[in-house]
Amino acid sequence: MQKLKLLIYFIMIISAINCSEKKSQLPEEIKIAVTLPPFADFVKNIVADRAEIIILVPPGTNAHSYEPTPGNIKNLLNSNIYFRVGKSFKLEEIIFSKVKIDTSITQTIDCSKGIEIINNDPHYWLSPKLVKSITETMLEVLVEKYPHHKNFFTNNTNRFLHKLDSIDANISTMLSNKKERSFLVYHPAWTYLAQHYNLQQFAVEQDGKSPKADELKEFIDLAVEKNANTIFFDPHFDNASVTTIANSLNIKIESLDPLPVNYLENLSQIGKKFEMSLK
């Protein structure tokens, strides 16, 4: 009888431990907010299913014209951590001008910390090198706040960065023998990626404004001079101007997504598109 009581006692203890472990891993335990889909992907690759991730700008949305809903703001204010793009991102500045975040509830982290911002251009996440900086910043904050997940978060981050390095090296190899190092785009989002692969972008759209007739002519002349075979467009923008240029030169258009939900897959596709278009 005594042995039976001891057995029941140990079973109760083991059950309590298991319940505690499961409770600590519930997705709703940690709420993390981000502004853009790529940052959600970086966080997801670190925390997996151990956090709920809230994206202010939904996937497929033009971040330059999007206005957060009251629901977006409520979710942001209820999050434990907010990984923001940084001061160069206008949408966040608009949010901060209207909403006061209680930092005792929501720890706010500027992911551009330590990154040299070029001409106030916020698209730094498109450089594989700078993605490492972003994920390292995220990991440091997450481990400090949730040390019981340190090994899990660290191992996940290392796996993500290993895949990133592999794709990055593959693209560098594919582009290493290209003599033409410039490419044409509609939206100038690719400064950091171009810098990383020693390329140069030429954009038809400047300061978020559609090109005027004389600017379109200058761009067409440039495309002829470069003997370009492709113009890249941002799928979040109207591609009418790009189509007009491409039709006038009888060249093709191709999309480049600066706001992917799967960063690594998108980066791999970008490499293949550049390999096909650059000579």
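Before we start, some ground rules. This is a predicted model, in which local features need pLDDT of at least 70 and side-chain atom pairs count only at pLDDT 80 or more, while totals for chains, interfaces and linings use all residues. Residues are numbered from 1 along each chain as its sequence is written, and side-chain values use heavy atoms, with hydrogens and water left out.

Now the overview. The protein chain has 10 helices and eight strands. Helices (H or I, at least four residues) and strands (E, at least two) are DSSP runs, numbered from the N terminus. The chain has 279 residues, and 46% of them count as buried. Buried means under 20% relative accessible area, exposed means over 50%, and partly exposed is in between, with a 1.4 Å probe and protein chains only. The accessible surface of the chain is about 15,200 Å². Carbon and sulfur atoms hold 52% of that surface. These areas come from the Shrake-Rupley method with a 1.4 Å probe; for residues, only the protein chains shown count as cover.

What about contacts along the chain? Take those between residues at least 6 apart in sequence: 64% of them join residues at least 24 apart. Contact here means heavy atoms within 4.5 Å.

On to the first sheet. It is open, with four strands in the order 2-1-3-4, and the pairing is parallel. Strand 2 (52-55) and strand 4 (107-110) stand at the edges with a single partner strand each, so one side of each has no neighbour in the sheet. From one strand to the next, the twist averages 20°. Angles like this run from 0 to 180 degrees between N-to-C directions, and axes are lines fitted to C-alpha atoms, for helices over the stretch in contact.

Look at strand 3, residues 81-84. Four bridges join strand 3 to strand 4, and the two run parallel. Two strands pair if DSSP finds at least two bridges between them. Which residue in strand 4 is the bridge partner of Arg 84? It is Asp 110.

Helix 4, residues 90-98, packs on this sheet. Helix 4 touches strand 3 and strand 4, and its direction makes about 140° with that of strand 3. Which residues of helix 4 are buried? They are Leu 91, Glu 92 and Ile 95. These three cover an arc of only 95° around the axis, which puts them on the same side of helix 4. That arc is taken from the directions from the helix axis to the C-beta atoms. Cover for the buried residues of helix 4 includes helix 3 (70-77) and strand 3. The face turned away from the buried side carries the exposed residues Lys 90 and Ser 97.

Next, helix 5, residues 128-145. Helix 5 has 18 residues and reaches 26 Å from its first C-alpha to its last. That is close to the 26 Å expected at 1.5 Å a residue. The expected span is 1.5 Å times one less than the number of residues. Its buried residues include Pro 128, Leu 130, Ile 134, Met 138 and Leu 142.

Strand 5, residues 182-185, is joined to strand 6 by four bridges, and the two run parallel. Phe 183 has Gln 201 in strand 6 as its bridge partner.

Ala 48 sits in the loop between helix 2 (37-47) and strand 2. Its phi is near 55°, a positive value in a residue other than glycine. Ala 48 is partly exposed, at 23% relative accessibility.

Asn 119 sits in the loop between strand 4 and helix 5. Its phi is also positive, near 50°. Is Asn 119 buried or exposed? Asn 119 is exposed, with a relative accessible area of 74%.

Arg 181 lies in the loop between helix 6 (150-175) and strand 5. Arg 181 and Leu 278 are 97 residues apart along the chain, with their C-alpha atoms separated by 7.0 Å.
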